[in-house]
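These are my notebook entries on one structure.

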Amino acid sequence: MTLEIEPQLLAVEPGYRNVLRVRLAAALLAVTTGAIAIDQLLLRATTLHGVLTALVPLFAIISIAVVPQRIYRRLGYRLAGEMLHSVHGWTFHTDTLVPFVRVQHLDVTRGLLDKLFGTASLVVHTAGTHNSTVTINGLSPERAAEIRDVIREHVRSDVA
Amino acid sequence: MTRVDVAVGGAERLHPMYFLAGLAGSLRQMVGGYAVIGYLAATGRWRMAVLLLVIVTVATFVGTFLHWRRFEYRVGAQEIRIDSGILSRTHRSIPFDRIQDVNVSQGLLARLLGIARVEFETGGSAGDKDDDGALAGIPLARAEAVRNLVRARRPKGCGLAVPDTSDASDAPALLAMDLRRVLLAGVFNFSLAVIAGLLGVAKTIGDAAGLNFLKRRFWRQMLEAGSPVVDLIMAHQVVAILAGVISLTAIGLAAGIARTVLRDFRFRLDRTTSGLRRRRGLLTVTDVTLPILRVQAAIIGSGPVRAKLGWSDLKLQSLAKDEGTKGDHVVAPLARDPEVAAILNELGWRFPEPSVPWTRSSSTYAWSVTALGAVMATALLVCSPAVPWISLGGVIAVAVLVVSRWLCWHRFGYVLEKDRLLIRSGWWQRRLIILPLTSIQSADVTENFVSRYFGTAAVTFGVASGRGYSSHHIPAVLRDAAFLLRMQVLRSYNI
């Protein structure tokens, strides 16, 4: 069964796939290097010699080809009424709603990769112990600032 | 950038000497570096030591300078903006309406320089490591101006309730526990942890003395002796085990009673004008007032035996922290239902009807663990010829786990009322959570590859403060029911 994101959800910037790819590649590069080092240095004398060197890079390449695309396809967000709706996760899927008036403060953050691929993250801080921060990754910087301003307006009109 | 910065003032920087105020802290962070330099110097590698010292110093100064250069804050009409970060940038926006508190603090050096550290407290729960918003050092006059601005902008009437202890003491207490009830509460606090600890100690000592009745060698030696003496020793062994169990139980009981009497002696709960005032303690007498407006949720707890006898306890999850690390305020350690109802009534909350139509969760909640348990039990049985005792223990543990999971599933239920959600969970540690819908900060529906196969999902509610995040959780309901429940809970936000 495939789980398609609901039609009214908005997709994030396509550039975010590259962010995911680079991040995964960096993580897998470390694993691959480690595996090859172990194989070449420690397992040279055993019958299993060569298995890790062959399989781990293969696994890494397949992962980089498949996983970011899947993660990206399941990312979505929208402004639903007076709430922020965020959906993410491939094997572990999470669907979060945060009422605007529950927001305490807001961050727009851009890391190095975000700058490289033209994306930004919106981080919403709530008072809840669970979900103290809700993050929407892969927005364009303008869109992130726009959503921030919308939420901030709600926060103001809530108390006034 | 097409940001609308109309309402935001000009960019301001920290005082150039801000880092001096936090110098002690950053020097402490570098303690590892100095240890290495000291080691190099002590072993006579002077060139390396000097080189490292130069690198560390330069790196610190360049880092501090870049941080200062890239840190900007703006005070707007509605909010404070803080832009920070050398490579990865964060633009934080703190609306004035959400600022609970402004701290202005000055260390010794800061006072000499006339600068101050300003911290904004918003009530965000991201934890201590992430300051809600802090300006590490700005001129004192500016700090006070910012604080006054925030105070002026703060809406009236949402300040902290001032705890008043001047209540009329002749009014009857909401709940007062006499010594008998405190002792009874102590009996229910029977400490399994103490018993487990003592068993461990007893076993270790027994091993050292070579008298471990769980070892086969011990029994074989006993039987090989093959004389009437063995019967006597066997009998003694049984008596010894029995005596051991009884004394351990007594110690566990005594520990529970002692702990409870020390904590809850002369427990008294009063209603004051703005909150609930709790006084208790034998040696350390505590007097805590809990503002009613800050209460987020109520948790009625019980256990199989206590429930049978009609006792329960009541805890309130509040924005104010209780003494110690526990987040929830105990307002009734042991009480009858009418007493709990009276306390809830003071909050303006209704006691849950006994006959509410609970919605059960799906039996996959128990089946998933049962399947896992079956696999583990099979594995243990396969290994049993090699390690019979470990296998037996393992199988018993798995069985206990599976049975308790089924009991929990049997107890579990939730019901959505007009303005609140009730969640009933646990079999051994029973909890009934009363969660007003207005306390809900966020709501998650989560699925994973296992639950998706069964067509179920879990709903988790974010609630401010307390240890609650494991408890405001509804596991394993049908997927559609999960989404529907969340919609209904958040319906006041016009989805």
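**Entry 1. Basis.** I noted that this is a predicted model, in which local features need pLDDT of at least 70, side-chain atom pairs count only at pLDDT 80 or more, and totals for chains, interfaces and linings use all residues. Residues are numbered from 1 along each chain as its sequence is written, while chains are lettered from A and ligands numbered from 1 in the order in which they are written.

Entry 2. I looked up the UniProt record, an unreviewed entry, whose annotation "transmembrane region" covers residues 24-42 and 48-68 of chain A. Such positions are given in the numbering used here, feature names are shortened, and annotations may be inferred rather than shown by experiment. I then checked the two spans in the model. Residues 24-42 of chain A are 95% helix and 0% strand, with end C-alpha atoms 26 Å apart. Residues 48-68 of chain A are 86% helix and 0% strand, and their end C-alpha atoms lie 31 Å apart. Helices (H or I, at least four residues) and strands (E, at least two) are DSSP runs, numbered from the N terminus.

**Entry 3. Helix α1 of chain A.** I found that α1(A) has 26 residues and reaches 38 Å from its first C-alpha to its last, close to the 38 Å expected at 1.5 Å a residue. The expected span is 1.5 Å times one less than the number of residues. In α1(A), the residues A:Y16, A:V19, A:L20 and A:D39 are buried. A residue is buried if 20 or more other C-beta atoms lie within 10 Å of its own, exposed if 12 or fewer, and partly exposed in between, with C-beta atoms placed from the backbone. The buried residues of α1(A) pack against α2, α3 (112-117) and β6 of chain A.

**Entry 4. Domains of chain A.** I noted domain 1 (16-73) and domain 2 (76-159) in chain A; such bounds come from an automatic or database domain assignment. Their C-alpha centres lie 32 Å apart. In all, 7 residues of domain 1 of chain A are in contact with 7 residues of domain 2 of chain A, where contact means C-beta atoms, placed from the backbone, within 7 Å. On the domain 1 side, the largest share, 5 residues, comes from α1(A).

**Entry 5. Chain A against chain B.** I recorded that the contact takes 41 residues from chain A and 46 residues from chain B. Several elements of chain A each supply at least two residues to its side, among them β3 (92-99) and α4 (141-159). Strand β3(A) also pairs with strand β17 (residues 440-448) of chain B, in the antiparallel sense over 6 bridges; two strands pair if DSSP finds at least two bridges between them. Here A:H93 stands opposite B:E447.

**Entry 6. Strand β11 of chain B.** Is this strand mostly covered or mostly uncovered? I found that β11(B) (residues 295-302) is mostly covered, with 8 of its 8 residues buried. It runs antiparallel to β12(B) (residues 312-318) over 6 bridges, and B:I299 stands opposite B:K315 there. A further 5 bridges join β11(B) to β16(B) (residues 430-436), also antiparallel, where B:S302 has B:R430 as its bridge partner.

Definitions and conventions. Contact = placed C-beta atoms within 7 Å.
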